[in-house]
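Here is a friendly note to read alongside the model. Please keep the sequence and the 3D view open while you go through the points.

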Amino acid sequence: MIQKIKDKKMEKIIPFISTCDKESTNLWLEHLQAHISEYQIVLFENLTQEQKLSSQVAIVANPNPEDIAQLKNLKWVQSLWAGVEKLLQELPQSSFKIVRMTDPQLAKTMAESVLTWSLYLHKNMPLYLKQQKQKVWKQHIETLPEEKNILVLGLGKLGLESVKKLKENDFSVSGWARSKKKIEGISTYYGSEGLQESLKKADIVVCLLPLTKETKNLLNKEKLDLLHNKASIINFARGAIVDYEYLLEKLGKKELSHAILDVFDTEPLPSSSLIWENEDITVLPHISAPTNMKTASKIASKNIYEYFEKGIIPISVDTKKGY
Ligand code: NAP
């Protein structure tokens, strides 16, 4: 009897649509199948026409929009990434819901990265790196963490965990979001006036906003000019939120101290980009919070079981807000 129920479930197909390289796609497939053992996870290219038409849920990782369009009866897709701006842009009028990856492990990993690179700046590492290249032995006065104001833009899943981690490490922390927030020990701001006020006081600005119509080029000339000339920027969100051209200009004029950039408009960052050569910029290859295959598969699995067993579609992206 139990075997019969299991066999029935195995008839249920969950398409996996991925344009990741073959190795990552296969690894994802292994992890997903291990966690979603009662349903069959099938790569898009191996689906029959009938399976394409009967699929209600698909798991996606940088999917081809033309592939998704062939699944005409989809109710929702589970994205394996936290940022879904590309999906929203490529599938503007989709009839199905988009569920992004919200994984507490991802938030934890991001908070660790935010702390690591904030400490890197706080401990003057960019300066000591320059000194080493010039064989200069010079000590600089280190300020206390509480004297450093770190402003986190975006207080969602990743931002919230990050402000808490920074606070635990004694930094003076502020945060900015779209809506008003109350977080113990953190100065919070919202709205455009709040942004201006908070930028003026910031020593380090950490960007953890989603890329939307409103946040595109948010940190433009006008906003970057509000920062004092010893301030630094960490962008762990999306390249298009910050005007990198103007950032380079400001760094060149010593009107900003340093930038740690993990995300770019074009990735990989082209070898011709001036950003590579700038010693006031630390380039990271989009590694501040990689999705963990094990924990993310577990979350996708929970969402899929809840849908098939209880009819619950997880909280999906608000297409109007864009996140
Ligand atoms: P989230 O939970 O959706 O939170 C988004 C936050 O941004 C919310 O606090 C929201 O304000 C705020 N926000 C959105 N639009 C705003 C606006 N116009 N003005 C002011 N605040 C605004 O997102 P998340 O999970 O924290 O992820 C954030 C982003 O990180 C993702 O979208 C992705 O692009 C990026 N990411 C990067 C990596 C990496 O490895 N580099 C990894 C994962 C994610 P409210 O709270 O008021 O709604």
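1. **What you are looking at.** This is a predicted model, in which local features need pLDDT of at least 70 and side-chain atom pairs count only at pLDDT 80 or more, while totals for chains, interfaces and linings use all residues. Residues are numbered from 1 along each chain as its sequence is written, and side-chain values use heavy atoms, with hydrogens and water left out.

2. **The overall build.** The protein contains 12 helices and 12 strands; helices (H or I, at least four residues) and strands (E, at least two) are DSSP runs, numbered from the N terminus. Along its principal axes, the C-alpha trace spans about 75 × 45 × 35 Å. Of the 323 residues, 47% are buried. Here buried means under 20% relative accessible area, exposed means over 50%, and partly exposed is in between, using a 1.4 Å probe and protein chains only.

3. **Contacts along the chain.** A contact means heavy atoms within 4.5 Å. Among contacts with a separation of 6 or more, 63% come from residues 24 or more positions apart.

4. **Two domains.** The domain assignment gives domain 1 (13-103 + 291-310) and domain 2 (105-283); such bounds come from an automatic or database assignment. Taken over C-alpha atoms, the centres of domain 1 and domain 2 are 33 Å apart.

5. **Where the domains meet.** How many residues of domain 1 are in contact with domain 2? Eight residues of domain 1 touch six residues of domain 2. Between them the two domains bury about 640 Å², with 59% of it on carbon and sulfur atoms. Buried area is the accessible area (1.4 Å probe) that two parts lose on being put together, summed over both.

6. Arg-238 and Glu-85 form a salt bridge, with their closest N and O atoms 2.7 Å apart. The side of domain 1 that touches domain 2 has one nonpolar, four polar and three charged residues. In this grouping, Ala, Val, Leu, Ile, Met, Phe, Trp, Tyr, Cys and Pro count as nonpolar, Asp, Glu, Lys and Arg as charged, and the others, Gly among them, as polar.

7. Gln-131 sits in helix H7 (residues 125-133). Is Gln-131 buried or exposed? Gln-131 counts as buried because its relative accessibility is 6%. The side chains of Gln-131 and His-140 make a polar contact at 2.5 Å. A polar contact is a pair of N or O atoms within 3.5 Å; within protein, one must be able to donate a hydrogen and the other to accept it, and residues adjacent in sequence count only if both atoms are side-chain atoms. Leaving aside neighbours within four places in sequence, Gln-131 also has Val-136, Trp-137 and Lys-138 among its contacts.

8. Leu-155 belongs to the loop between strand E6 (149-153) and helix H8 (157-168), and Val-163 lies in helix H8. Leu-155 is buried because its relative accessible area is 8%; Val-163, at 0%, counts as buried too. Beyond four places in sequence, Val-163 touches Val-152, Leu-155, Val-173, Ser-174 and Ile-186.

9. **Backbone details to check.** Which peptide bond is cis, with omega near 0°? The bond from Glu-267 to Pro-268 is cis, and Pro-268 is in the loop between strand E11 (258-261) and strand E12 (281-283). Asn-62 has a positive phi, near 45°, in a residue other than glycine. Asn-62 is in the loop between strand E3 (57-61) and helix H4 (65-69), and is partly exposed at 32% relative accessibility. Lys-254, not a glycine either, has a positive phi of about 60°. Lys-254 is located in the loop between helix H11 (244-252) and E11, and counts as exposed because its relative accessible area is 52%.

Note on methods:
Salt bridge = Lys/Arg side-chain N within 4 Å of Asp/Glu carboxyl O.
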